[in-house]
Amino acid sequence: MSRIDVNVVNPFLTGVQDVLGTMARVTAQPGRPYIKRDHTARGTVTGLIDLKGDKPGTIAVTFCERAACEIAGRMLGERFEVLNADVCDAVGEITNMISGQARQGLAANGSNYKAGIPSILRGSDHIIQHCSDGPILALAFTTMFGEVTVEVCFGERLEACMSNPRN
């Protein structure tokens with residue numbers, strides 16, 4: 001994936017919009033996809049899922065704190081002021097749902113993937129370690145509560161990840 005491939009972008013774009021719209025009644029406006037050059041998260045909390053299939057990969061969904069709290073609150077019918085275990089669990093579940101929908105879209109294009117269990121990373125400037133050597137495709141979405149960024153990386157499995165798997 002040296003260039004941004006719409007067959008990869010579109011399933012994730014649709015997945016984010018459908019999941020946030022259906023589960024939390026939140027509209028997500030996509031920005032322009034770009035290749036991310038670093039590993040620093042663009043938000044405060046990230047759900048990260050390893051993928052196994054045609055090419056190994058990872059999906060990361062990062063939320064600014066306000067977006068995570070508001071979206072989790074809408075999903076769970078509660079009010080959250082700060083990141084807590086319930087908000088982090090909701091981030092993991094949202095990441096899992098986006099991954100599932102995107103994997104269905106990828107399957108329609110002939111790719112087959114199975115997902116691991118989401119890991120949660122948190123804190124300002126936390127590092128997202130993708131387990132593939134491919135480029136990191138980033139899709140930033142604007143919501144009424146702040147930014148949500150999806151990162152997708154497919155490529156050869158990195159040696160460090162083989163010896164210390166997350167799942």
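## R66 and its contacts

Set aside the neighbours within four places in sequence, and R66 is in contact with M144 and F145; contact here means heavy atoms within 4.5 Å. You'll find R66 in helix α2, which covers residues 65-76. Helices and strands are DSSP runs, numbered from the N terminus: a helix is H or I with at least four residues, and a strand is E with at least two.

R66 counts as partly exposed because its relative accessibility is 48%. The cut-offs go like this: buried is under 20% relative accessible area, exposed is over 50%, and partly exposed is in between, using a 1.4 Å probe and protein chains only.

A quick word on the model: it is predicted, so local features need pLDDT of at least 70 and side-chain atom pairs count only at pLDDT 80 or more, while totals for chains, interfaces and linings use all residues. Residues are numbered from 1 along each chain as its sequence is written, and side-chain values use heavy atoms, with hydrogens and water left out.

## T44, a buried loop residue

Now hop over to T44, which is 22 residues from R66 along the chain, with 9.2 Å between the two C-alpha atoms. T44 sits in the loop between β2 (34-36) and β3 (45-53). With 19% relative accessibility, T44 counts as buried.

What does T44 touch, not counting residues up to four places away in sequence? The list is T62, F63, C64, E65, L83, L121, R122, G123, S124 and H126.

## Two positive phi angles

Most residues other than glycine have a negative phi. R25 is not a glycine, yet its phi is positive, at about 55 degrees. R25 lies in the loop between α1 (6-24) and β1 (29-30), and it counts as exposed because its relative accessibility is 52%.

D125 has a positive phi too, about 60 degrees, and it isn't a glycine either. Its place is the loop between β6 (119-122) and β7 (136-143). D125 is exposed, with a relative accessible area of 58%.

A disulfide is a covalent bond between the sulfur atoms of two cysteines.

C69 is buried, at 3% relative accessible area, and C88 counts as buried at 8% relative accessibility.
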